[in-house]
Amino acid sequence: MSRDKAVCVYLGDALKRYGFGNGHPFGSDRMEAFWREACDRGLDAAVGLHSPVSASRSDITRFHHDAYVDKLIALSTRGEGFLDDGDTPAFEGVYEAAAFVVGTTLDACQQLMEGHCRRAFIPIAGLHHAQRGAAAGFCALNDCGVAIEMLESDYGLSRIAYVDIDAHHGDGVYYAFESDPLVIIADVHEDGRFLYPGSGTAREQGRGAAAGTKLNIPMPPDADDAQFMSAWQRVEAFVDAARPEFILFQCGADSLAGDPLTHLRFSSAAHGHAAKRLCALADAHAEGRLLAMGGGGYNRRNLALAWTAVLEQLVACTETSP
Ligand SMILES: [Zn+2]
């Protein structure tokens, strides 16, 4: 695998395995749908390819409760039933598959922190609904949450930005860090009155010492690119003012028109614009460190377009940056 490029992309069967069968929207064909489009545009020649890495239990429990990990391993061994109330089926090996998503996100953070690459993209990552003690919304483990814990404890970062444009509110990240002033969250999503998980009102801005470090922007169903661009200006100003040392970007493709589960109507131009502007913010404040994670997206054509729009900008903005 080529590892000598400033933009690294993680691909491999171990990531693909994090998917649910029998026609589930989060199927295991999503990674390849993205990569075919990326190769058609010649992006494969512009990035360094990296293999997935598994996380250890001790890494996972930086964020998740021990008792929950025990429960997940038991369900994963049995391979039947549900991890939550019925959205997220248990399959044999779901723990190992989710541990690869977590480990890959951690590896990307380490590559960025140690200067081996300037941007990273992981198509199957950004499992933003999992809570410290529970699975939710197709998410068995929360790779974003584990990564934030690692960036705080291993690297001592004091300003970490998490930006989320998936159609669903990133509740698993928001509530885990609601009282943590080191974590700056900006989340654009469909209004919770119309879509799972129902949270993320504009009044949710962080608690206690963290009050004012979170920005939630609920969008009306049918919101289009013009409405996204207007919301994005607020996201950009908010993140810029926070001067983050690292930027995590959950670029879920389910906010594009035609997703089977949601009602937003963005185009892939929204994702491209957000990626371009986050590269500029990462260059200004974070020594370029930007990790993009694919998140949701259940229309295969849409996720291919949205994720390649992001990757194109990571490549373009990295070639021209210092
Ligand atoms: Zn989503």
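A: A residue is called buried if its relative accessible area is under 20%, exposed if over 50%, and partly exposed in between, with a 1.4 Å probe and protein chains only. Helices (H or I, at least four residues) and strands (E, at least two) are DSSP runs, numbered from the N terminus. The model is predicted, so local features need pLDDT of at least 70 and side-chain atom pairs count only at pLDDT 80 or more, while totals for chains, interfaces and linings use all residues. Residues are numbered from 1 along each chain as its sequence is written, and side-chain values use heavy atoms, with hydrogens and water left out.

The N-terminal end of α6 is capped by Asn 142, with a side-chain oxygen 3.1 Å from the backbone nitrogen of Cys 144. A polar contact here is a pair of N or O atoms within 3.5 Å; within protein, one must be able to donate a hydrogen and the other to accept it, and residues adjacent in sequence count only if both atoms are side-chain atoms.

Helix α9 has 18 residues and spans 26 Å from its first C-alpha to its last, close to the 26 Å expected at 1.5 Å a residue; the expected span is 1.5 Å times one less than the number of residues. Among the buried residues of α9 are His 271, Leu 278, Cys 279 and Leu 281. The buried residues of α9 pack against β3 (119–122), β4, α8 (225–242), β7, β8 (290–293) and α10 (300–319), where contact means heavy atoms within 4.5 Å. Just after α9, Glu 287 has a positive phi of about 50 degrees.

Next, the metal site. The zinc ion is coordinated by Asp 166 (OD), His 168 (ND1) and Asp 254 (OD), at 1.9 to 2.1 Å. Donors are N, O and S atoms within 2.8 Å of the metal (3.2 Å for Na, K and Ca), and sites may look incomplete because water is not among the atoms. The donor residues are spaced D-x1-H-x85-D in sequence. His 168, in the loop between β4 (160–164) and α7 (171–176), and Asp 254, in the loop between β7 (246–250) and α9 (268–285), are 86 residues apart and link distant parts of the chain. Both His 168 and Asp 254 are buried.

In the loop between α7 and β5 (183–190) lies Glu 178, which is buried at a relative accessible area of 10%. Leaving aside residues up to four places away in sequence, Glu 178 touches Gly 206, Arg 207, Ala 210 and Lys 214.

Last, the aromatic rings. Rings of Phe, Tyr and Trp (its six-membered ring) pair if their centres lie within 6.5 Å; planes under 30 degrees apart count as stacked, over 60 as edge-to-face and the rest as tilted. This rule gives 15 aromatic pairs. Tyr 18 and Phe 20 are an edge-to-face pair because their planes stand at 75 degrees, with ring centres 5.6 Å apart. Tyr 18 is buried at 1% relative accessibility, and Phe 20 is buried at 3%. Tyr 174 and Tyr 175 have centres 5.0 Å apart and planes at 90 degrees, so this pair is also edge-to-face. Tyr 174 is buried at 1%, whereas Tyr 175 is partly exposed at 37%.
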